[in-house]
Amino acid sequence: MEALRVKVTIRCNVCGEKFVLRGSRDKGSIETGFKQCICSNSNDLEIEEHSVL
Ligand SMILES: [Zn+2]
């Protein structure tokens, strides 16, 4: 099984910072390695996923 490559945009709902990361999608969950925002927020995030062709 091959993981799907995706580009993920993560927006922090606390400070508004945006992060663009590359990750992989595996069985419905996305692995990006993102841990937390620079403001220490790690759960109030807006995650947008884009497929990479
Ligand atoms: Zn933040």
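View 1. Strands S1 (residues 4-12) and S2 (residues 18-26) pair in the antiparallel sense over 8 bridges. Strands here are DSSP runs of E of at least two residues, numbered from the N terminus. Two strands count as paired if DSSP finds at least two bridges between them. Lysine 7 has arginine 22 of S2 as its bridge partner. The hairpin has 5 residues between the strands, and glycine 16 takes a positive phi near 85 degrees. This is a predicted model: local features need pLDDT of at least 70, side-chain atom pairs count only at pLDDT 80 or more, and totals for chains, interfaces and linings use all residues. Residues are numbered from 1 along each chain as its sequence is written.

**View 2. S1 against S4.** S1 also pairs with strand S4 (residues 45-51). The two run antiparallel, joined by 7 bridges. Arginine 11 has glutamate 46 of S4 as its bridge partner.

**View 3. S2 against S3.** These strands pair in the antiparallel sense over 3 bridges. Aspartate 26 stands opposite serine 29 in S3.

**View 4. The whole sheet.** The 4 strands form an open sheet in the order S3-S2-S1-S4, with antiparallel pairing. S3 and S4 are the edge strands, each pairing on one side only. From one strand to the next, the twist averages 40 degrees (axes are lines fitted to C-alpha atoms; angles run from 0 to 180 degrees between N-to-C directions).

**View 5. Confidence along the chain.** Mean pLDDT, the predictor's confidence in each residue from 0 to 100, is 92 for the protein chain. A value of 70 or more is reached by 98% of its residues.
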